[in-house]
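Subject: Handing over the structure

Hello,

Here is the structure I promised to pass on to you. Please open it next to this email, and then read on for what turned up in it.

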Amino acid sequence: MAKGKVDALLGIVFGDEGKGKVVDVFTPKYDIVARFAGGPNAGHTIIFEGKKFVLRSIPSGIFDKDKVNIIGNGCVIAPDLFMAEAQELEAAGYNLRGRLHISKRAHLILPTHRVLDRAYEAAKGKNKVGTTGKGIGPTYSEKASRTGLRVGDILDNFQQKYETLKARHAQILRDLNYEYDISDEEKKWLEGVEYMRGFQLTDTEIEINKALAEGKNVLAEGAQGTMLDIDHGTYPFVSSSNTVSGGVCTGLGVGPNAIGEIFGIFKAYSTRVGSGPFPVELFDETGDKIREIGHEYGAVTGRNRRCGWVDLVALKYAIMINGVTQLIMMKSDVLDGFDTIKACVAYEKDGVVTADMPYDTEGWKAVYRELKGWKSDLTNLTSESQFPQAFRDYISFLEQEAGIPITIVSVGPDRAQTIVRG
Ligand code: IMP
C-alpha cells in the first residue's frame, strides 16, 4: 500500500487557467512533479526569477533543483520541441539531466504526425477542431491503432522503425493529395531524438510507485482542461487524451487509492481557444474587454481566446467528473472594472433549461445570474480580510453552487498576488 499520495492540479474548464502561476506555490510540498497527459499543445507560462518561460512538455517542477520531474506514459512528446524547450532551460542555468525522467511508454510525435494534423484539419473544412497543429490527434490515434512509436523505441533499432512509420504516413498523405516538405523539420527532429538519449528514459510507473511506497508525494500536473477531455469534453471539439483525474491513474500508472487531493483550477471568467460550443461566449465589447485586460491570447498558437462569463454548468460537471476537492480561482482582478458580473447557472435550448452538462453541447444558450461587481482594485490585496464585500459575495456564490471551497484566489499576475484562504 502506497504511503505517499498523488495530488492532482487540473485545469477544469477549457485549459489556460493559469496553472503555471500556482504550480510553484505547490511544488515545494512534493518530491516529484509529473505530467500525465497531452504534449506540446500545452503552454504553461511561468515567470521564474524574473524570466518568462513557456513549458510545453516539461513539468513545472523543473525550476526547483531538488525535484524529480516525470513525463509520464500518458503523454506524447515531440523530440525537436522537447530539445528546444530543454535547451532554453539549460541555457538559463537549470540542470535537467538526472532529474527529468521520461517514460519509455510515452508516444513520439513524428514530423509527419504534424503534417497529418494539418491535412485532417484542412479536410474537415468548417468543421475543423482548430487544433494547435502539434500532431496530438494523429499521435494518440496511432497509439490506439497500435502502430505508434514510443520513447522506448529510441533505444532499439530506431531508424528502421521510424522509416517504416514515416512511409505509412506518406502513403496516407498521398491518398489525401496533401503536399508537404518536412526536410528541415525532420533534421531537427532526428537531432532531438539523439538529444533525448541524454535523459533518463525509464519505466516511470515503477519509479513513481516505489517513491509512493517510500512515503514520497507526487504532484500530477494537468494539461488542457476537462472540457477538452476526449471522453467528457465537447466532443469532437476536444483534445485527444484524458485530461481528467482518471487520466492521472492511466497516464502515470498509479492506482486510484494513491490519489489524494484534486485541485481544480478555473478563472473568474471563461475562455476557449479553437472551435466548438461555448455557450457563455461574449461577442460584444464586454468579451473584448475581458480579452484585453486578461491578455487572453494563446501561449502556443497566439490565437485570440474566446471570452465569456464563468460557466457553472461546466464547472459543476468538471467537479463531478474529477472528484475535485478544492477550487483555485485565477485572474479575479480581470473583473475589477465591471459594474455587473454574470455567472451562467444553466443552459437553455428550445424552451428546455438544464443545469446538467448536455450530451450535445451545440446550440445551447447561457442562462445568467447577475451579481454586483466590486469595482475596485484587487491587485494590491494581500489577505482575505481586505476583500471588498461584492467580491466576497461572488466567491460565496460560486462556492455555494460548486459545493466545495475555493481555497486559493489569485488577484494578479505576480506570484505574490496569490491569496491562500484560511
Ligand atoms: P489539439 O490538442 O492540438 O489536438 O487541439 C484540440 C483542441 O484543444 C483545440 O481546440 C485546441 O485549441 C485545444 N487545446 C489544446 N491544448 C490546449 C491548451 O493547452 N489550452 C487550451 N486549449 C488547448
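A contact here means heavy atoms within 4.5 Å. With that in hand, consider the contacts in the chain between residues at least 6 apart in sequence: 76% of them join residues at least 24 apart.

Some ground rules before the rest. You are looking at a predicted model, in which local features need pLDDT of at least 70 and side-chain atom pairs count only at pLDDT 80 or more, while totals for chains, interfaces and linings use all residues. Residues are numbered from 1 along each chain as its sequence is written, and side-chain values use heavy atoms, with hydrogens and water left out.

**Overall form**

The C-alpha atoms of the chain fill a box of roughly 65 × 50 × 40 Å along the principal axes. The radius of gyration, taken over C-alpha atoms, is judged against a globule rule of 2.2 Å times the number of residues to the power 0.38. For 422 residues a compact globule would come out near 22 Å, and the 21 Å of the chain agrees with that. The chain has eleven helices and 19 strands; these are DSSP runs numbered from the N terminus, with helices (H or I) of at least four residues and strands (E) of at least two.

**Cores**

Of the 422 residues, 57% count as buried, meaning under 20% relative accessible area with a 1.4 Å probe and protein chains only (exposed is over 50%, partly exposed in between). A nonpolar core is a set of buried Ala, Val, Leu, Ile, Met, Phe, Trp, Tyr and Cys residues joined through side-chain atoms within 4.5 Å. The largest one has 73 residues, of which Ile 12, Phe 266 and Tyr 394 touch the most other members. Apart from this core lies another of 44 residues, including Leu 55 and Phe 263.

Leaving aside neighbours within four places in sequence, Tyr 394 is in contact with Ala 268, Val 310, Met 329, Leu 335, Ile 341, Leu 371 and Trp 374. Phe 391 lies in helix H11 (residues 389-402) and is buried, with a relative accessible area of 0%. Phe 391 and Gly 351 are 40 residues apart in sequence and 33 Å apart in space, C-alpha to C-alpha.

**Cavities**

There are two cavities of 30 Å³ or more. On a 1 Å grid over the protein atoms alone, a cavity is a set of points where a 1.4 Å probe fits but cannot get out, and lining residues have an atom within 4 Å of a point. Grid points are joined across faces, edges and corners, and a volume is the space filled by probe spheres set on the points.

The largest cavity holds about 70 Å³. Its lining includes Phe 14, Phe 266 and Asp 311, and strand S12 (269-272) is one of the elements giving two or more residues to it. S12 gives the most, with three. The second largest cavity holds about 50 Å³, and Phe 14, Met 227, Tyr 347 and Asp 311 are among its lining residues.

Best wishes

Definitions and conventions:
1 Å grid on protein atoms, 1.4 Å probe; cavity = no way out; pocket = protein on both sides within 12 Å on 5 of 7 lines; lining within 4 Å.
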